[in-house]
Amino acid sequence: MSRIYNFSAGPAMLPVEVLQEAADEMLDYRGCGMSVMEMSHRSKVYETIIQEAQADLRTLLGIPDNYKVLFLQGGASTQFAMIPMNFMKNRKAGYVVTGQWAKKAFAEAKIFGEAVELASSADKTFSYIPDCSDLPITDDMDYVYICENNTIYGTKFKTLPNTKGKNLIADVSSCFLSEPIDVTKYAMLYAGAQKNVGPAGVTICIIREDLITEDVLPQTPTMLRYKIHADNGSMYNTPPAYAIYICGKVFKWLLKTGGLEKRKEVNEEKAKILYDFLDSSELFKGTVEPASRSLMNVPFVTGDSELDAKFIAESKAAGFENLKGHRTVGGMRASIYNAMPVEGVKALVEFMKKFEAENKHA
Ligand code: PMP
């Protein structure tokens, strides 16, 4: 077997144990003579799979009973529309714009009502998280929206905004289950699975129950109503059955390996190895303000686009995959989600040191 270190921003690495277990169960899932891909989502066997996945996720995150967990489709991007359709009752909401994904959610909300930019870090190419301690939130706003970890720019909210009593809705796609969080601080959080928890195809939404009502914007399609999915246990229609099954395995892997406290410790260790090197390097430098640095996505540059391209090509040849930065920003980006082992980051830093020695005076 030749597994490489894959630094993709998503879909991204999954734990080898999870992939191995899925491989072992591929043809015959626990004696039922078929793959999970082939079974009815209404079967008893599948019911156990989805229920266990939900129960394990609740344990991992300490999700209170008054929050629903939904497994939906349409990617995180569909949430950009579902959120205003379901929650923008006064047709007004506040958005903190900290990168492309927040910007897209903000633009989508404008289709449905007045979306107000509460703060932005566009002035410095989204390289920091703006001060959110006293945002211009007004009483008539239905919610405050953030993208907690900005996958493209590599920034992360270290403290949640002061929402002045308004409901906080957060896109946590690229930091989901990377560390413990207090779910009660959010009215809703959601994540596309394909970064930290599973394959593409499922979006996990955790929503406080009192928000899930039939009172949605007129003409909201049935499939875009949280209530229909909540009332039907994410089985209103065929759920992304296989993706949920893999997420369930990742939840079990996380529980078995020490839960989110342990994950935080390991993720901090990995990020520190990389940031410490970037801070000491004479060739590479991180692009994010230190106080806003993400533990998951680490963008860096040499300052010379030709040298960046050389690094990307040579790192790929050496077995470090997907280090190219997002197509909109260039440079490099190492995404070091939960399944990236510490050894992967250490190996990358060793490679960067070698590259630096060979190219410093180029
Ligand atoms: N939000 C964030 C923070 C993301 O990183 C991404 C995808 N990279 C999205 C939303 C969009 O996700 P999807 O492709 O599942 O719609």
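**Notebook: strands, helices and domains**

I began with β8 and found that three bridges join β8 to strand β9 (residues 188-192), the two running parallel. Here strands (E, at least two residues) and helices (H or I, at least four residues) are DSSP runs, numbered from the N terminus. Two strands pair if DSSP finds at least two bridges between them. I noted that Ile169 has Met188 in β9 as its bridge partner.

The model is a predicted one: local features need pLDDT of at least 70, side-chain atom pairs count only at pLDDT 80 or more, and totals for chains, interfaces and linings use all residues. Residues are numbered from 1 along each chain as its sequence is written.

I then looked at the pairing of β5 (residues 144-147) with β8 (residues 168-171), which is parallel and has four bridges. Val144 stands opposite Leu168 in β8.

Next entry: the domains. I read domain 1 as 17-256 and domain 2 as 258-359 in the domain assignment; such bounds come from an automatic or database domain assignment. Over C-alpha atoms, their centres are 27 Å apart. I counted 23 residues from domain 1 and 24 residues from domain 2 in the contact, where contact requires C-beta atoms, placed from the backbone, to lie within 7 Å. On the side of domain 1 that touches domain 2, β7 (155-156) and α6 (241-256) are the elements that give two or more residues. That side has 10 nonpolar, nine polar and four charged residues. The classes are nonpolar for Ala, Val, Leu, Ile, Met, Phe, Trp, Tyr, Cys and Pro, charged for Asp, Glu, Lys and Arg, and polar for the others, Gly among them.

I turned to the open sheet of three strands, in the order β11-β12-β14 with antiparallel pairing. β11 (285-286) and β14 (332-335) are at the edges with a single partner strand each, so one side of each has no neighbour in the sheet. Four bridges join β12 (residues 297-301) to β14, and Val298 stands opposite Ala334 in β14. I also saw helix α7 (residues 259-280) pack on this sheet, touching β11, β12 and β14, its direction at about 15 degrees to that of β12. Axes are lines fitted to C-alpha atoms, for helices over the stretch in contact, with angles from 0 to 180 degrees between N-to-C directions.

Last, I checked α3 (residues 75-87) against α4 (residues 100-110): their axes come within 8 Å and cross at roughly 40 degrees. The contact is made by Phe80, Ala81 and Pro84 of α3 and Lys104, Ala105, Glu108 and Ala109 of α4.

How values were computed: Contact = placed C-beta atoms within 7 Å.
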